[in-house]
Amino acid sequence: MITSEQTEKLRGWFAGRLPDDLFEELVEVAVDREEITVIGRVPAPRLAEDAPAAEREAAVTARIQEFRERTREARMAVARDAEHRFRRKVSWGVVCDGERALFTHVAAPVMTRLRQPERQVLDTLIAGGVARSRSDALAWCVRLVQRHTDDWLAELRDSLEHVQRVRAQGPDAEDGSSTQDAEEG
């Protein structure tokens with residue numbers, strides 16, 4: 001697990017490495033074992049205040065696409081540096097006028113063993129048209145849990161970080177090289 005201090009260092013590296021004019025604001029840098037996701041805010045298109053919803057939606061979609069195409073080379077250069085340094089793929093996304101869009105992201109396979117009652121849940125989601133496959137159904141379940149338990153998961157992550165700090169201070173603590181490895185790897 002990545003500690004909050006490691007995440008802060010990672011966010012700081014991106015804040016320092018990204019071109020100043022790339023985003024209005026660096027909104028989020030999220031990291032796990034496989035991927036770093038960088039999300040920034042881009043300016044909303046200028047529209048009349050009374051612009052219809054369909055016009056606003058089309059303008060935001062076009063702004064996001066324009067940003068993606070225009071900044072591709074700069075983002076790829078930063079991603080190459082980050083992937084070399086942190087040994088993870090870099091994914092990109094933006095927030096524009098409240099709309100969040102991911103350009104690229106890693107879909108990492110996760111192997112699991114499920115008993116029949118658990119498989120039946122997934123199969124019911126498939127039969128009901130909620131998912132196309134067991135893999136899709138499992139991803140749907142994870143998103144549902146995530147949506148409804150964000151506070152609990154945040155508290156659990158904080159507790160895990162505390163455990164890591166206590167372990168690092170124990171009698172078997174190494175010279176600190178494992179912390180550096182986690183930051184870079």
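Predicted model: local features only at pLDDT ≥ 70, side-chain atom pairs only at ≥ 80, totals over all residues.

Colleague: Where is the place of valine 130?

Modeller: Valine 130 sits in the loop between α4, which covers 116-127, and α5, which covers 134-148.

Colleague: And which residues make the nonpolar surface patch with Val130?

Modeller: Trp140 and Leu144 make the patch together with Val130, and its area is about 230 Å².

Colleague: What about charge on the surface, which residues gather in a patch of negative charge?

Modeller: That patch on the surface brings together Asp150, Asp151, Glu155 and Asp158. To take one of them, aspartate 151 belongs to helix α6, made of residues 150-168, and with a relative accessible area of 68% aspartate 151 is classed as exposed.

Colleague: Changing topic, how many salt bridges does the count come to?

Modeller: The count comes to nine salt bridges. One of them joins the side chains of aspartate 97 and arginine 56, with an N to O distance of 3.7 Å.

Colleague: Anything about the backbone of aspartate 97, what is its phi?

Modeller: Phi of aspartate 97 is near 50 degrees, which is a positive value in a residue other than glycine. Arginine 87 also has a positive phi, near 55 degrees, and is likewise a residue other than glycine. Arginine 87 is found in the loop between α3 (72-86) and β3, and at 60% relative accessibility arginine 87 counts as exposed.

Colleague: Back to salt bridges, which residue does glutamate 66 pair with?

Modeller: Glutamate 66 pairs with arginine 70, and their closest N and O atoms are 2.6 Å apart. Both residues lie in helix α2, where they are four residues apart, or about one turn of the helix. Glutamate 66 is partly exposed at 32% relative accessibility, whereas arginine 70 is exposed at 53%.

Colleague: And what does glutamate 83 meet in a salt bridge?

Modeller: The side chain of glutamate 83 meets that of lysine 89, at 4.0 Å from N to O. Glutamate 83 is partly exposed at 26% relative accessibility, and lysine 89 is partly exposed as well, with a relative accessible area of 49%.

Colleague: Last one, is glutamate 35 buried or exposed?

Modeller: Glutamate 35, which is in strand β2 (residues 35-41), is buried and yet has no salt bridge. The nearest side chain of opposite charge belongs to arginine 88, 9.5 Å away, and a salt bridge needs the nitrogen and the carboxyl oxygen within 4 Å.

Colleague: Then what does the side chain of glutamate 35 reach?

Modeller: The side chain of glutamate 35 reaches the backbone nitrogen of valine 106 at 2.8 Å. A polar contact of 2.2 Å also joins the side chain of glutamate 35 to that of serine 91.

Methods: Residues numbered from 1 in each chain as written. Heavy atoms only, no water. Patch = residues over 30% accessible without salt bridge, like charges linked within 9 Å, V, L, I, M, F, W, Y side chains within 5 Å. Areas by Shrake-Rupley, 256 points an atom, 1.4 Å probe, with all protein chains shown as cover. Lys, Arg positive; Asp, Glu negative; His and termini not counted. Charge placed at Lys NZ, Arg CZ, Asp CG, Glu CD. Helix = DSSP H or I, 4+ residues; strand = E, 2+ residues; numbered from the N terminus. Buried < 20%, exposed > 50% of the residue type's maximum accessible area, 1.4 Å probe, protein only. Polar contact = N/O pair within 3.5 Å; in protein donor to acceptor, adjacent residues only side chain to side chain.
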